[in-house]
Amino acid sequence: VYKRQTLYWQAPADKPPQANFIQFNNLLDSSGQQRGGYDRRPLENYSTLFWAPGEVVVDGYAVPVDADAPPGEYYLDVGFYLTVGESAVNLPLVEDGEMTDVNSVTLGPVRVVEQ
């Protein structure tokens, strides 16, 4: 079962992203346990290296839900990371031009229903 989402991303107005970032999408239950999701490039294959300054990317996709996840309210935890060697380095969120210690945004609740 998949839960459909649309996110809007915008490249910085002064310069495009300087690396090929990967987006993580973790479907979390109310206790924070991951119950689905996956990592991907925006639009599945649109590398952030190709984004133009200020470009808005409208990214609709389906988030996989684990088969054993019970119906109920869930949250989508979303962010970007950069692969360095064998490790993933999460990118911090930027607020008012300053980096924060937060590296994801939690969206929801989203309702998962039985099919």
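This is a predicted model: local features need pLDDT of at least 70, side-chain atom pairs count only at pLDDT 80 or more; totals for chains, interfaces and linings use all residues.
**Exercise 1. Work out how many helices and strands the protein chain has, and in what order its elements run.**

Start with the count: there are zero helices and nine strands. Now walk along from the N terminus, and you read β-β-β-β-β-β-β-β-β. For the overall dimensions, the C-alpha atoms fill a box of roughly 45 × 30 × 25 Å along the principal axes. Next, look at the contacts with a separation of 6 or more: 69% of them are between residues 24 or more positions apart.

**Exercise 2. Find which residues of the largest nonpolar core touch the most other members, and which element gives the largest share.**

Begin with burial in general: 34% of the 115 residues in the protein chain count as buried. The largest nonpolar core has 18 residues, and those touching the most other members are W9, L27, Y61, Y74 and V78. Two or more residues each come from β1 (2-10), β4 (56-64), β5 (72-84) and β9 (105-112). The largest share is that of β5, with four residues. As background, nonpolar side chains in soluble globular proteins tend to be buried together.

**Exercise 3. Decide whether W9 is buried or exposed, then list its contacts beyond four places in sequence.**

The cut-off you need is this: buried means under 20% relative accessible area. W9 has 19% relative accessibility, so W9 counts as buried. Leaving out neighbours within four places in sequence, W9 is in contact with Q23, W51, E55, V56, V57, D59, V78 and F80.

**Exercise 4. Say how many aromatic pairs there are, and classify each one.**

The count is two. Take W9 and F80: their centres are 4.6 Å apart with 75 degrees between the planes, an edge-to-face pair. W9 sits in strand β1 and F80 in strand β5, so this pair ties together parts 71 residues apart in sequence. F80 is buried too, with a relative accessible area of 13%. Now turn to Y46 and W51: the ring centres are 6.2 Å apart and the planes are at 40 degrees, so this pair is tilted. W51 counts as buried, at 6% relative accessibility.

**Exercise 5. Find which residue lies over the face of Y61.**

Look for R40: R40 lies over the ring face of Y61, at 4.1 Å from the ring centre.

Methods
Residues are numbered from 1 along each chain as its sequence is written. Side-chain values use heavy atoms; hydrogens and water are left out. A nonpolar core is a set of buried Ala, Val, Leu, Ile, Met, Phe, Trp, Tyr and Cys residues joined through side-chain atoms within 4.5 Å. Buried means under 20% relative accessible area, exposed over 50%, partly exposed in between (1.4 Å probe, protein chains only). Contact means heavy atoms within 4.5 Å. Rings of Phe, Tyr and Trp (its six-membered ring) pair if their centres lie within 6.5 Å; planes under 30 degrees apart count as stacked, over 60 as edge-to-face and the rest as tilted. A charge sits over a ring if NZ of Lys or CZ of Arg is within 6 Å of the ring centre and within 35 degrees of the ring normal.
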